[in-house]
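The terms are given with their cut-offs where they come up.

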Amino acid sequence: MSRTYLAGIAAALLAAAIPFSASAQAPATPPTAAPARPAIQTTKVEGTEGVYIFRNVGHQAIFIVTKDGVIATDPIAYGRPTGGQDYVNEIRKVTDKPIKYLIYSHHHYDHIAGGKAFKDAGARIIAHKRVKERLAPLGDPNTPLPDESFDGKKVIRLGGTTLELLFLGANHSDSNIVMRLPKEKIVFVVDTIPVGQVPGRGMIDFYPQEAEAFIKKVIALDWDRLIPGHPGPGDRLGTRKDAQDQLQLLQDASAEMKVLGQAGKCWDVGEKEFTLQKYASWPGYQAGLPFVARRYCGLWGRGT
Ligand SMILES: [Zn+2]
């Protein structure tokens, strides 16, 4: 190859690069836009001694700092190779106490992939018994299996903090638990009770009838604030009314699809005619509607 030829290639590459460098120099957002939200954020829950919310883009988890160590939950690192370590690093900005536990909310990877960083830090992984049953055959390299399983109820006491792990029946999956901090009157409920949002993509193994019973049980527990597994509108925490509203949404979805399903319209026609119109202004409506329709068509059109 001649020098001239190589120089020609270099010139062509340079020319091709110009649009990219020009766009790289342009402001990322118009001057009037709000500042970009950081991908990772740790926030102390107001009025608590050591309860924190760790958010990574659209997922969030809680960790509790006590005088004897840290209880962490859900690594939320699916598709984020450094996500588990990023989370541990965030904890390390708050405390150098040992991370004693990592609790899985349920077996879906988008919430629990990335636990290796916690195991390396010495944490013991605890989950409902079905998490291990579900995950063991799949052998996902990014998701360490629980070290300890439970059914019903398990209470963790560490450094003056009590955390209850409660299995109240199948709901968003057959392994979702409720984590309750009795002193702080906080519950951490992942995916089953989205705050002010239409549920959707995660309804792959949702249990429609059991979920209604589950939400009623959650409402009956003693708590003031609900922390969801995905940030609510404006990052607000959930209330008892949000749980009641979500129950109502599921009941409305079920009632609407019951008519279609029992008229023999599931799948295609029923799913097209299903509108859940009352919730059209809720965040997540457009994206979630087909998934809600499919799940309830399954219930009323197939009996499952
Ligand atoms: Zn899920």
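1. Two residues count as in contact if their C-beta atoms, placed from the backbone, lie within 7 Å. Helices (H or I, at least four residues) and strands (E, at least two) are DSSP runs, numbered from the N terminus.

2. This is a predicted model, in which local features need pLDDT of at least 70 and side-chain atom pairs count only at pLDDT 80 or more, while totals for chains, interfaces and linings use all residues. Residues are numbered from 1 along each chain as its sequence is written.

3. Five strands form an open sheet with mixed pairing, in the order 8-9-10-11-12; two strands pair if DSSP finds at least two bridges between them. Strand 8 (153–158) and strand 12 (225–228) each have a single partner strand, so one side of each lacks a neighbour in the sheet.

4. Strand 8 pairs with strand 9 (residues 161–166) in the antiparallel sense, over six bridges. Arg157 has Thr162 of strand 9 as its bridge partner.

5. Helix 6 (residues 208–220) has 13 residues, which should span 18 Å at 1.5 Å a residue (1.5 Å times one less than the number of residues). Its end C-alpha atoms are 19 Å apart, which agrees.

6. Pro208, Ala211, Phe214, Ile215 and Val218 of helix 6 are buried (20 or more other C-beta atoms within 10 Å of a residue's own; exposed means 12 or fewer, partly exposed in between). These residues cover an arc of only 105 degrees around the axis, which puts them on the same side of helix 6; the arc is that of the directions from the helix axis to the C-beta atoms. Gln209 and Ala220, on the other side, are exposed.

7. The cover over the buried residues of helix 6 includes strand 10 (178–181), strand 11 (186–189), helix 7 (240–262) and helix 9 (285–302).
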